[in-house]
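Here are a few exercises to work through with the model open beside you. Try each task before reading its solution.

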Amino acid sequence: MLMMPTDRRNTTFLDEVIAETPGGEQIAHCMQCGSCGGSCPNAADMDHTPRTLFALIKAGQRQEVLSSNTFWNCVSCYSCTARCPQNIPITEIMYALKRISLRAGLAAETDAPALARTFTGLVDKYGRSFEFGLASRYYLFNKPLSMLKMGPLGLSMFTKGRMSLVPTKIRQLDQLQTIIKKAKELGGAS
Ligand code: SF4
Ligand code: SF4
């Protein structure tokens with residue numbers, strides 16, 4: 001069961017990660033086999049492999065871990081989770097580290113946190129992603145000069161019917177927004 005984030009003054013960083021992750025207590029059983037990094041399609045772009053990250057978590061290296069780009073490069077493919085011999089919920093831990101790093105103001109200097117914020121803002125508002133809005137808002141607020149380069153790709157997607165110019169809302173959006181609101185309250189997010 002997911003516990004509420006705990007008071008850091010009385011807990012270790014490992015406790016903090018466990019409290020944030022369903023089934024996270026399994027991390028204590030990591031045997032450093034490296035199967036996770038070996039099966040990860042994005043390991044080459046991570047500054048620490050998942051195996052190393054877990055060793056750093058156990059060693060209490062909070063700043064080092066939370067400023068890592070590892071979890072921002074995780075694409076949630078679940079390969080590592082499926083292959084872990086210790087049933088450690090690695091992908092869920094990656095999600096947990098994203099949340100903790102954002103709260104701590106330690107998110108890595110990569111595009112991913114800004115993209116994640118833009119994406120979740122759209123899901124809050126429409127109940128689903130809206131590719132045109134996602135790309136235009138992300139580039140406008142974070143990389144305005146790069147917008148021009150993305151123009152041809154956007155036009156190609158639009159002409160092939162892969163991107164709409166207007167967002168559509170899901171039905172019963174109010175119910176989803178209530179769920180998101182409750183999840184944010186439970187997770188301590190603003
Ligand atoms: S596959 Fe599991 S046990 Fe092996 S290093 Fe990764 S997390 Fe640890
Ligand atoms: S879920 Fe994330 S960390 Fe695990 S293999 Fe896939 S990309 Fe790598």
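## Exercise 1: A helix pair

Task: Which residues of α1 and α6 meet, and how do the two helices pack?

Solution. Start with the contact itself in this predicted model: on the α1 side, E16, V17 and E20 meet I93, A96, R99 and I100 of α6. Next, sort these contact residues by class: 4 are nonpolar, 3 are charged and none is polar.

Now turn to the geometry. Helix α1 covers residues 13-20 and helix α6 covers residues 90-104. Their axes lie 9 Å apart, and the helices pack at an angle of about 110°. Angles of 65 to 115 degrees count as roughly perpendicular, so α1 is roughly perpendicular to α6.

## Exercise 2: The fold as a whole

Task: How many helices and strands does the chain have, and in what order do the elements run?

Solution. Count the elements first: there are 10 helices and 0 strands. Then read from the N terminus on, and the order comes out as α-α-α-α-α-α-α-α-α-α. To put a scale on this, take the C-alpha trace along its principal axes, where the chain spans about 50 × 35 × 30 Å.

## Exercise 3: Around ligand 1

Task: Which residues are closest to ligand 1, and which helix gives the most to its shell?

Solution. First collect the shell: 15 residues surround ligand 1, and the closest are C30, C33, S35, C36 and C84. Next, ask which helices take part. Both α2 (35-39) and α3 (50-58) supply at least two residues of the shell each. Of the elements, α3 gives the most, with 3 residues. Finally, look at the classes: the shell around ligand 1 has 10 nonpolar, 4 polar and 1 charged residues.

Key. Residues are numbered from 1 along each chain as its sequence is written. Chains are lettered from A and ligands numbered from 1 in the order in which they are written. This is a predicted model: local features need pLDDT of at least 70, side-chain atom pairs count only at pLDDT 80 or more; totals for chains, interfaces and linings use all residues. A residue is near a molecule or strand if its C-beta atom, placed from the backbone, lies within 6 Å of it. Helices (H or I, at least four residues) and strands (E, at least two) are DSSP runs, numbered from the N terminus. Ala, Val, Leu, Ile, Met, Phe, Trp, Tyr, Cys and Pro count as nonpolar, Asp, Glu, Lys and Arg as charged, and the others, Gly among them, as polar. Axes are lines fitted to C-alpha atoms, for helices over the stretch in contact, and angles run from 0 to 180 degrees between N-to-C directions. Angles under 35 degrees count as roughly parallel, over 145 as roughly antiparallel, 65 to 115 as roughly perpendicular and the rest as oblique. Two residues are in contact if their C-beta atoms, placed from the backbone, lie within 7 Å.
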